[in-house]
Amino acid sequence: MEFITTTLIKVFITVMTLMAIVLFTGYRRLGDLTPFDFVISVTMGAVAGSLIIEPNVGISNALIAIFTLGFLKMLISWLSIKSRFLNNQMNFKPIVVIENGLIIKKNLAKVRLPLESLLQMLREKGIFDVTCVELAVLESMGNLSVLKKAEHQAITPQDLNVISLPNTILTPVIFEGKLRENALQKLGFSQEEIAEFKEKNKEKLKEIFIAFLDQNNKFHIINEDIEEQGLFWK
């Protein structure tokens with residue numbers, strides 16, 4: 001029983017410590033980690049894992065190691081911002097992999113990117129014809145930036161000299177039958193108007209799965225009983 005209690009305490013302390021360090025040092029998606037960030041994260045995970053599993057690892061020693069790694073991560077990130085040279089050394093440089101519709105095999109070899117992976121990345125961007133690409137750059141974070149040739153780019157209202165209407169922004173105000181009063185207040189509704197709305201639509205709220213409100217205070221409602229129409233399989 002004592003072993004289980006100690007393990008649970010270690011798990012709690014470790015998770016809270018790691019979360020605090022992640023929030024303090026800055027949020028990044030897993031796919032946006034730099035090579036240095038990745039190494040630090042893996043090392044911190046290994047230290048945290050050894051603290052939880054190994055009974056001989058002291059909590060204080062593990063926490064010191066984790067905080068040191070977190071401080072090192074924050075320090076290198078700060079120095080990378082201040083020094084362009086250090087930033088270039090710590091991160092991969094963007095590299096051109098497609099130019100004027102032609103795939104540059106030599107550059108693919110430099111970044112060890114298989115041809116199949118490049119074609120998949122293009123398909124994920126809706127590009128199935130490589131000749132439509134003016135320029136494709138593999139960024140330091142591993143994502144692909146693509147510029148289509150001018151004749152293959154979508155026409156915008158600006159190209160046609162057409163005045164475009166502003167975007168319609170829908171704010172969710174009802175979630176699964178529950179009214180989001182804070183959202184309504186931010187949209188300019190008073191407490192009296194919200195209370196009146198709740199009283200008037202008390203029964204209808206239960207039937208609503210989600211409801212949005214646009215800039216003109218018009219509701220867009222999706223009820224609970226909506227079913228698939230089978231359009232995907234037709």
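**View 1. P172 stands opposite F212 in strand 7.** The model is predicted: local features need pLDDT of at least 70, side-chain atom pairs count only at pLDDT 80 or more, and totals for chains, interfaces and linings use all residues. Residues are numbered from 1 along each chain as its sequence is written, and side-chain values use heavy atoms, with hydrogens and water left out. Strand 5 and strand 7 (residues 208-213) run antiparallel and are joined by four bridges. Strands (E, at least two residues) and helices (H or I, at least four) are DSSP runs, numbered from the N terminus. Two strands pair if DSSP finds at least two bridges between them.

**View 2. Four strands form an open sheet in the order 6-5-7-8.** Pairing here is antiparallel. Strand 6 (178-179) and strand 8 (219-223) are the edge strands, and each pairs on one side only.

**View 3. A further open sheet of four strands has the order 2-1-3-4.** Its pairing is antiparallel. Strand 2 and strand 4 each have a single partner strand, so one side of each is left without a neighbour in the sheet. Five bridges link strand 3 to strand 4. Within that pair, L135 has L147 of strand 4 as its bridge partner.

**View 4. I98 has bridge partners in strand 3 and in strand 2.** In strand 3 the partner is A136. In strand 2 the partner is I103. Strand 1 (residues 95-99) pairs with strand 3 (residues 133-138) over four bridges, in the antiparallel sense. Two bridges join strand 1 to strand 2 (residues 102-103), also antiparallel. The hairpin of strand 1 and strand 2 has two residues between the strands, and N100 takes a positive phi near 55° there.

**View 5. K149 is buried yet has no salt bridge.** Buried means under 20% relative accessible area, exposed over 50%, and partly exposed in between (1.4 Å probe, protein chains only). A salt bridge puts a side-chain nitrogen of Lys or Arg within 4 Å of a carboxyl oxygen of Asp or Glu. The nearest side chain of opposite charge, E151, is 5.1 Å away. K149 lies in the loop between strand 4 (144-148) and strand 5 (171-175). Beyond its neighbours within four places in sequence, K149 is in contact (heavy atoms within 4.5 Å) with N100, G101, T131, C132, V133 and E134.

**View 6. V11, F12, V15, M16, M19 and L23 make a nonpolar surface patch of about 580 Å².** M16 lies in helix 1 (residues 2-25). M16 is partly exposed, with a relative accessible area of 43%. Patch residues have over 30% relative accessible area and no salt bridge; nonpolar side chains (Val, Leu, Ile, Met, Phe, Trp, Tyr) are joined within 5 Å, like charges within 9 Å.

Key
Accessible areas come from the Shrake-Rupley method with a 1.4 Å probe; for residues, only the protein chains shown count as cover. Lys and Arg count as positive and Asp and Glu as negative; His and the chain ends are not counted.
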